[in-house]
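Here is a short walk through a helical model, meant to be read with the structure open beside you.

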Amino acid sequence: MEGSVFTPSLEGMKHIKSPEGEMLTKPFLDVCKLILPVLDKFGSAMSLVKSDVGGNISRLEKKYETDPAKYNHLYSMVKEEVDCKTATDSSSCTNGLLWLTRAMDFLVELFRNLLAHPDWTMTESCTDSYGKTLKRFHGWIASSAFTVALKLAPDRKKFMEVIAGTGDVNADMEKFCSTFPPFLEENHKYLAKFGLDDMKA
């Protein structure tokens, strides 16, 4: 693998915004997709996150593919659903974007923990990140399932070796944690305008 497991997503982030500064649907979803191989390296500990992320990406992609010109800008789907009063439906693209963004928040927080706390086990890093991001939006069942799954997190040293590839994994992880969050923040801000940012599971 050329570079670390983060290299493709870091490259993809350069294309998320149009020259006018608009969030673009396909490049944003592509970057989220490029993070899935990182989740694979966690094994079963991240299977819930991976299926959730994958499902939300494909929901948004399907909508985008129905009319790429109309849905070129990421928020055009949200705006349309807000106008049609379907944004709060559990199967809406708005809901998909919200949960996709939250899952990415969780991963950013996890990578921050791995950088900031070299003495923490992988389970400690995951549990702390979960508590700071997804947990407050999950009901009891989802929360319990998540907590159990995170106990299956792989050995930290092995994980870091696997994701390193030929790159400087710490530098790439740091870059990921500084470059990606502003895009996620923008999603939250846009959804919050319509009071859609605090929907629970």
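Helix H6 crosses H11 in a left-handed sense. In this predicted model, the two helices pack with their axes 10 Å apart, at an angle of about 145 degrees. On the H6 side, the contact is made by Thr 94, Leu 97, Leu 98, Thr 101, Arg 102, Met 104, Asp 105, Val 108 and Arg 112, and on the H11 side by Pro 181, Leu 184, Asn 187, His 188 and Leu 191. Sorted by class, this contact has seven nonpolar, four polar and three charged residues.

H6 (residues 93-116) also meets H10 (residues 169-179): their axes come within 9 Å and cross at roughly 140 degrees. That angle makes H6 oblique to H10. Here, too, H6 passes its partner H10 in a left-handed crossing. The contact of H6 with H10 has seven nonpolar, one polar and two charged residues.

**Aromatic pairs**

How many aromatic pairs does the structure hold? There are twelve. A pair of aromatic rings is described by the distance of the centres and the angle of the planes. Two of the pairs are set out below.

| Pair | Centre to centre | Angle between planes | Arrangement |
|---|---|---|---|
| Phe 6 and Phe 176 | 5.3 Å | 50 degrees | tilted |
| Tyr 75 and Tyr 190 | 4.2 Å | 5 degrees | stacked |

Phe 6 lies in the segment before helix H1 (7-12) and Phe 176 in helix H10, so this pair ties together parts that are 170 residues apart in sequence.

The tyrosines make a link of their own. Tyr 75 belongs to helix H5 (residues 75-83) and Tyr 190 to helix H11 (residues 181-193), so their pair ties together parts that are 115 residues apart in sequence. Both Tyr 75 and Tyr 190 are buried.

Ring pairs also build a cluster, which links Phe 6, Phe 28, Phe 111, Phe 176, Phe 180 and Phe 183.

Ser 125 is found in helix H7 (residues 122-132). With a relative accessibility of 0%, Ser 125 counts as buried. Setting aside neighbours within four places in sequence, Ser 125 is in contact with Leu 110, Asn 113, Leu 114, Trp 120 and Arg 156.

**A loop residue to look at**

Finally, turn to the loop between H5 and H6, where you will find Lys 85. Most residues other than glycine have a negative phi. In Lys 85, however, phi is near 60 degrees, a positive value. Is Lys 85 buried or exposed? At 71% relative accessibility, Lys 85 counts as exposed.

How values were computed: Residues are numbered from 1 along each chain as its sequence is written. This is a predicted model: local features need pLDDT of at least 70, side-chain atom pairs count only at pLDDT 80 or more; totals for chains, interfaces and linings use all residues. Side-chain values use heavy atoms; hydrogens and water are left out. Axes are lines fitted to C-alpha atoms, for helices over the stretch in contact, and angles run from 0 to 180 degrees between N-to-C directions. Helices (H or I, at least four residues) and strands (E, at least two) are DSSP runs, numbered from the N terminus. Angles under 35 degrees count as roughly parallel, over 145 as roughly antiparallel, 65 to 115 as roughly perpendicular and the rest as oblique. A crossing is left-handed if the near helix is turned anticlockwise from the far one by less than a right angle, and right-handed if clockwise. Ala, Val, Leu, Ile, Met, Phe, Trp, Tyr, Cys and Pro count as nonpolar, Asp, Glu, Lys and Arg as charged, and the others, Gly among them, as polar. Rings of Phe, Tyr and Trp (its six-membered ring) pair if their centres lie within 6.5 Å; planes under 30 degrees apart count as stacked, over 60 as edge-to-face and the rest as tilted. Buried means under 20% relative accessible area, exposed over 50%, partly exposed in between (1.4 Å probe, protein chains only). Contact means heavy atoms within 4.5 Å.
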